[in-house]
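Colleague: I have the sequence and the model open. Can we go through them together?

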Amino acid sequence: GYEFIYYSNSKFAKDALNYLINDRGLTEQDIYKWRIGICKNGDYYNRIIIPSFNSSGNCNYFVARGVYSDTKYTYLYPKIEKSQIIFNELNIDWNKPIFLTEGCFDAIKIGKNVIPLIGKTIPIDAEFYSKLIEKLIMYQPVIYLCFDTDIVAGQPINRSIEIAKLLMSYSLSE
């Protein structure tokens, strides 16, 4: 059971709000805009839930984030083919510049017209043409890449370069 975070008086809801506001720097407006909730039971019990909505307004995906330091697996995701999801497509204006980020918290901080990839690259599956790539090709928006630099084997790796090359292979600007 998903429950909007402000509708719960549980200890976990209070801990989750503390984490979102004090550790992640989110505002009450961010929490409402992104409809952030908590899970009260099941596989995602005691996790923050950040839902995604398709262009019709239906929930099509979510990110389940642990709050406590002893939580096994910080992030859990539904078992859905990510290449067919555009996270929070409901809020995207394809005729304006698009910001791409790695995760939800980066997207929330950027604010408008942002798509978190929920990973380090655009998911491309051998069977499926990425729904995100299809939309980017169709609308040809200006694309801004907003990715952290990772350290791999002691060397900095900027995922933006890899994603820029992928986008350019589809004749998309970045």
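Colleague: Which helix gives the largest share of the lining of the largest pocket?
Modeller: This is a predicted model, in which local features need pLDDT of at least 70 and side-chain atom pairs count only at pLDDT 80 or more, while totals for chains, interfaces and linings use all residues. Residues are numbered from 1 along each chain as its sequence is written, and side-chain values use heavy atoms, with hydrogens and water left out. Helices (H or I, at least four residues) and strands (E, at least two) are DSSP runs, numbered from the N terminus. The largest share of that lining is three residues, and they come from helix α3, residues 104-110.

Colleague: How much space lies in the largest pocket?
Modeller: On a 1 Å grid over the protein atoms alone, a pocket is an open set of points with protein on both sides within 12 Å along at least five of seven lines, where lining residues have an atom within 4 Å of a point. Grid points are joined across faces, edges and corners, and the volume is the space filled by probe spheres set on the points. The lining includes Arg-24, Tyr-75, Glu-102, Phe-105 and Lys-120. The space in this pocket is about 210 Å³.

Colleague: How many residues in that lining are charged?
Modeller: Asp, Glu, Lys and Arg count as charged; Ala, Val, Leu, Ile, Met, Phe, Trp, Tyr, Cys and Pro count as nonpolar; the others, Gly among them, count as polar. The lining has six nonpolar and two polar residues. Its charged residues number four.

Colleague: Is strand β3 mostly covered or open, and how many of its residues are buried?
Modeller: Buried means under 20% relative accessible area, exposed over 50%, and partly exposed in between (1.4 Å probe, protein chains only). In a regular strand the side chains alternate between the two faces of the sheet. In β3, Arg-47, Ile-49, Pro-51 and Phe-53 are buried on one side, and Ile-48, Ile-50 and Ser-52 on the other. The strand, residues 47-53, is mostly covered, and the buried count is seven of seven.

Colleague: Which residue in β4 stands opposite Pro-51?
Modeller: Two strands pair if DSSP finds at least two bridges between them. β3 runs antiparallel to β2 (residues 37-39), with two bridges, and Gly-37 has Ile-49 as its bridge partner. β3 also runs antiparallel to β4 (residues 59-66), with seven bridges. Opposite Pro-51 stands Phe-62.

Colleague: Which residue takes a positive phi in the hairpin of β3 and β4?
Modeller: The hairpin has five residues between the strands. The phi in question is near 90°, and the residue is Gly-57.

Colleague: How many residues apart are the parts that Glu-3 and Lys-40 tie together?
Modeller: A salt bridge is a side-chain nitrogen of Lys or Arg within 4 Å of a carboxyl oxygen of Asp or Glu. Glu-3 and Lys-40 form one at 3.6 Å, N to O. Glu-3 lies in strand β1 (residues 2-4) and Lys-40 in the loop between β2 and β3, so the separation in sequence is 37 residues.

Colleague: Which residue is linked with Glu-89 and Lys-135 in a network of salt bridges?
Modeller: By this rule the model has five salt bridges. The network takes in Glu-89 and Lys-135, together with Lys-131.

Methods: On a 1 Å grid over the protein atoms alone, a cavity is a set of points where a 1.4 Å probe fits but cannot get out, and a pocket is an open set with protein on both sides within 12 Å along at least five of seven lines; lining residues have an atom within 4 Å of a point.
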